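This briefing is meant to be read beside the sequence and the coordinates.

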Amino acid sequence: GELDLDAPVATYWPEFARDGHNCLLIPDADPTLDAAGQDAVDYSQLMNILEHQVRPWYYDQHERWLALVKQGMRDVLPRFDSDRMADEYYWTMYEQ
């Protein structure tokens, strides 16, 4: 399995994303900043998460890392499997 490290606005499962519980989320940058300023803040926050959470958890606290990965799978699999997608497609396309 893998760990979802994402920005809340970009994640494909925002209703399940719980930072530090089943994923790691990059905090939103100040929307009043220009694009370059937001990019700089996003970069800084990403590097901080990689340095202070991802690296130490993966290498030094592997049980914590695995718990986060497994919780992410437990939370996302029931909602985003192919049965759910096929059912949603049918109801959207044919039962309007």
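The points below are grouped by topic.

The structure is a predicted model, and every value quoted here is computed from that model. Two helices, α1 and α2, have axes that come within 5 Å, and the aromatic pairs come to 5 in number.

**Packing of the two helices**

- Helix α1 covers residues 35–59 and helix α2 covers residues 62–76, and their axes, which come within 5 Å, cross at roughly 110°.
- Because an angle from 65 to 115 degrees counts as roughly perpendicular, α1 and α2 are described as roughly perpendicular to each other.
- The crossing in which α1 passes α2 is left-handed.
- On the α1 side the contact is made by Val54, Trp57 and Tyr58, and these residues meet His62, Arg64, Trp65 and Leu68 of α2.
- Sorted by class, the residues of this contact between α1 and α2 are 5 nonpolar, 1 polar and 1 charged.

**Aromatic rings**

- In total, the count of aromatic pairs comes to 5, and one of them joins tyrosine 58 and tyrosine 59 in an edge-to-face arrangement, with 4.9 Å from centre to centre and 85° between the planes.

**Single residues and their spacing**

- Serine 44 is placed in helix α1 and, with a relative accessibility of 46%, counts as partly exposed.
- Between serine 44 and aspartate 30, which are 14 residues apart along the chain, the C-alpha atoms are separated by 13 Å.
- Glycine 20 belongs to the loop between β1 (5–6) and β2 (24–25), and its relative accessibility of 38% makes it count as partly exposed.
- Although glycine 20 and leucine 68 are 48 residues apart in sequence, their C-alpha atoms are 7.2 Å apart in space; leucine 68 is also one of the α2 residues that meet α1.
- Glycine 72 lies in helix α2 and is buried, with a relative accessible area of 8%, because the cut-off for buried is under 20%.
- The C-alpha atoms of glycine 72 and tryptophan 57, a pair 15 residues apart along the chain, are separated by 15 Å, and tryptophan 57 is among the α1 residues in contact with α2.

Methods. Residues numbered from 1 in each chain as written. Predicted model: local features only at pLDDT ≥ 70, side-chain atom pairs only at ≥ 80, totals over all residues. Heavy atoms only, no water. Axes fitted to C-alpha atoms, helices over the stretch in contact; angles between N-to-C directions. Helix = DSSP H or I, 4+ residues; strand = E, 2+ residues; numbered from the N terminus. Parallel < 35°, antiparallel > 145°, perpendicular 65-115°, else oblique. Left-handed = near helix turned anticlockwise from the far one by under 90°. Contact = heavy atoms within 4.5 Å. Nonpolar A, V, L, I, M, F, W, Y, C, P; charged D, E, K, R; others polar. Phe/Tyr/Trp six-rings, centres within 6.5 Å; stacked < 30°, edge-to-face > 60°. Buried < 20%, exposed > 50% of the residue type's maximum accessible area, 1.4 Å probe, protein only.
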